[in-house]
Amino acid sequence: SQDGRLLLEARGPDTRGLLEIRVRQGRADAGRSLQLWLIPEGGAPVSLGLLGEAGASGYAVPAALRGALHGAALAVSDEPAGGSPTGGPTGPVLASAPLMRL
């Protein structure tokens, strides 16, 4: 995040489409959840799931989106406990970054 409150490390996806996200710093406020989104270039955000409190977690990138990772971004939004009730981000985006091939 720009304010440094949330620091994440992303790796992957691997050959099975798993993206590893490691929470280095930060967590959801009480009664809230942090939700991870994949945003294909020019497309709508797709939820990959809720972020865990600490450590690494695996998230499956849907097969239909694996070809759209070039130019895509990851974002984390602040959502009600359990995640977005609408299927799209409803709370503020706390962190975002483009995916880059290293």
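Buried denotes a relative accessible area under 20%, exposed over 50%, and partly exposed the range in between (1.4 Å probe, protein chains only). The views show a predicted model, in which local features need pLDDT of at least 70 and side-chain atom pairs count only at pLDDT 80 or more, while totals for chains, interfaces and linings use all residues. Residues are numbered from 1 along each chain as its sequence is written, and side-chain values use heavy atoms, with hydrogens and water left out.

View 1. S33 belongs to strand β3, residues 32-39; strands are DSSP runs of E with at least two residues, numbered from the N terminus. With a relative accessible area of 11%, S33 is buried. Beyond its neighbours within four places in sequence, S33 is in contact (heavy atoms within 4.5 Å) with residues including A28, L50, S77 and D78. A polar atom of the S33 side chain lies 3.0 Å from the backbone nitrogen of G82.

**View 2. Pairing of β3 with β6.** Strand β6 (residues 73-80) pairs with β3 in the antiparallel sense over eight bridges; pairing requires that DSSP finds at least two bridges between two strands. R32 has P80 of β6 as its bridge partner. Because six of the eight residues of β3 are buried, this strand is largely enclosed by the rest of the structure.

**View 3. The hairpin of β3 and β4.** Strand β4 (residues 46-50) runs antiparallel to β3 and is joined to it by four bridges. Opposite W37 stands S47 of β4. Six residues lie between the strands of this hairpin, where G42 takes a positive phi near 75°.

Methods:
Polar contact = N/O pair within 3.5 Å; in protein donor to acceptor, adjacent residues only side chain to side chain.
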